[in-house]
Number of protein chains: 2
Amino acid sequence: MTPEVTLRTATSADYDRIAAVVDDWWGRPVSHALPRLFLDHFHATSTVAEAGGDLTGFLIGFLSPSLPDTAYIHFVGVHPDCRGSGLARRLYERFFALAAADGRTVVQAVTAPVNARSIAFHSALGFTVTEPVVGYDGPGDVKVCFKRSLA
Amino acid sequence: MTPEVTLRTATSADYDRIAAVVDDWWGRPVSHALPRLFLDHFHATSTVAEAGGDLTGFLIGFLSPSLPDTAYIHFVGVHPDCRGSGLARRLYERFFALAAADGRTVVQAVTAPVNARSIAFHSALGFTVTEPVVGYDGPGDVKVCFKRSLA
C-alpha cells in the first residue's frame with residue numbers, strides 16, 4: 001500500500017534534507033539557487049510534502065515584503081517517482097490559499113527557458129508566461145516569468 | 001571636489017546597475033547569489049549609495065517574515081575606490097535603525113570563509129562570528145555566520 005502524501009508547513013530544519021535532493025530531482029546542478037536563508041526566513045509560507053516520513057515534494061514561497069499585493073514562489077520540487085500525481089498542483093493551491101488569505105492578489109515565479117516541464121505546468125495552472133528575458137538574473141542569465149492573478 | 005555620497009532606499013529598478021558591477025567589485029563571480037527577486041521584493045529595506053549619480057555602494061537586506069525578531073543582510077557592496085571611507089558602516093547603521101524601528105532584536109548575515117575582509121568588518125561592527133559551517137548552503141558549501149544584537 002502506498003503511504004498517503006501529507007502536506008505541512010516547512011521549518012528551518014527542513015533545509016538539509018531538501019538541499020540534499022534538489023540536484024538529483026532536477027537532473028542538473030540547482031542547489032546554488034536555494035541557500036539556507038530561504039528556509040530560515042520563509043518557512044512559515046513554505047510547504048513540505050511527505051509520505052511515510054520520506055520527502056516527496058516541497059514549495060518555497062513568500063509574501064513579498066516590498067510589494068504588498070504580490071506573493072512569490074521561488075522553488076518547487078516533486079520527487080521523480082511522484083510526478084503526475086497532482087502533488088505539484090496541491091502545493092501551489094496551498095500557497096495560493098495562504099497568499100489570498102493575506103490579501104495578496106498576484107503570484108509570481110520565474111524559471112529557466114530550458115525548463116519546458118515547468119513552463120507547461122504553470123500555463124496549465126493559469127499563469128501567464130513571458131518570452132525569455134535576457135539578463136533577468138544578471139548578465140548572461142535568461143529567464144521566463146510567470147504571473148497569475150488570485151482575484 | 002569629490003561629490004558627496006548620499007544614501008536612499010532602493011527600488012526594483014536598481015537591480016540591473018547593481019548586477020552589472022558585483023563581479024568586478026568582488027573580484028570573483030558572485031552575481032549568481034543576487035537574483036532579481038532580492039531587489040523586487042526587498043527593496044523597501046535595502047539601500048543604494050550614490051555620488052554624483054554613480055553607484056558607490058548598496059545593501060540588500062530584509063526583515064525576516066518567518067522569524068519576527070530577526071533581520072537579515074544578504075548582500076553588501078562598496079565600490080573599490082570608496083573602501084575605507086566608512087560607507088559600509090553607514091549602510092549597516094541605516095539597516096540597523098530600520099530593523100530596530102520594526103522591533104527586530106537581532107541581525108544575521110553569512111559569508112564565505114575566504115572573505116577575510118568581510119569577517120574583519122563584521123567583527124569590528126560587533127557581530128559574533130562562527131567557525132566555518134560545512135554544508136551550510138547545501139552539499140559542498142561552507143559559510144561563516146554573523147549575528148549581532150540590536151538591543
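Predicted model: local features only at pLDDT ≥ 70, side-chain atom pairs only at ≥ 80, totals over all residues.
Just after helix α4 of chain A, residue A:G103 takes a positive phi of about 90°.

In general, an α-helix has 3.6 residues a turn, so residues three or four places apart point the same way.

I turn now to chain B. Residue B:W26 lies in helix α2, residues 22–26 of that chain. Leaving aside residues up to four places away in sequence, B:W26 touches B:F58, B:F75, B:V76, B:G77 and B:N115. B:W26 and B:H79 are 53 residues apart in sequence, yet their C-alpha atoms are 9.2 Å apart in space.

Finally, the interface. Here 28 residues of chain B are in contact with 28 residues of chain A. The area buried between the two chains is about 2200 Å², and carbon and sulfur atoms give 61% of it. B:L37, B:H41 and B:S66 supply 27% of the area that chain B buries against chain A, more than any other three residues.

Between the chains there are zero salt bridges, but 16 residue pairs are in polar contact. On the side of chain B that touches chain A, α1, α3 and β4 each supply at least two residues. Helix α3 of chain B gives the most, with five residues. The residues on that side of chain B divide into 14 nonpolar, 10 polar and four charged.

Methods:
Residues numbered from 1 in each chain as written. Chains lettered and ligands numbered in written order. Heavy atoms only, no water. Helix = DSSP H or I, 4+ residues; strand = E, 2+ residues; numbered from the N terminus. Contact = heavy atoms within 4.5 Å. Buried area = accessible area lost by both parts, 1.4 Å probe. Salt bridge = Lys/Arg side-chain N within 4 Å of Asp/Glu carboxyl O. Polar contact = N/O pair within 3.5 Å; in protein donor to acceptor, adjacent residues only side chain to side chain. Nonpolar A, V, L, I, M, F, W, Y, C, P; charged D, E, K, R; others polar.
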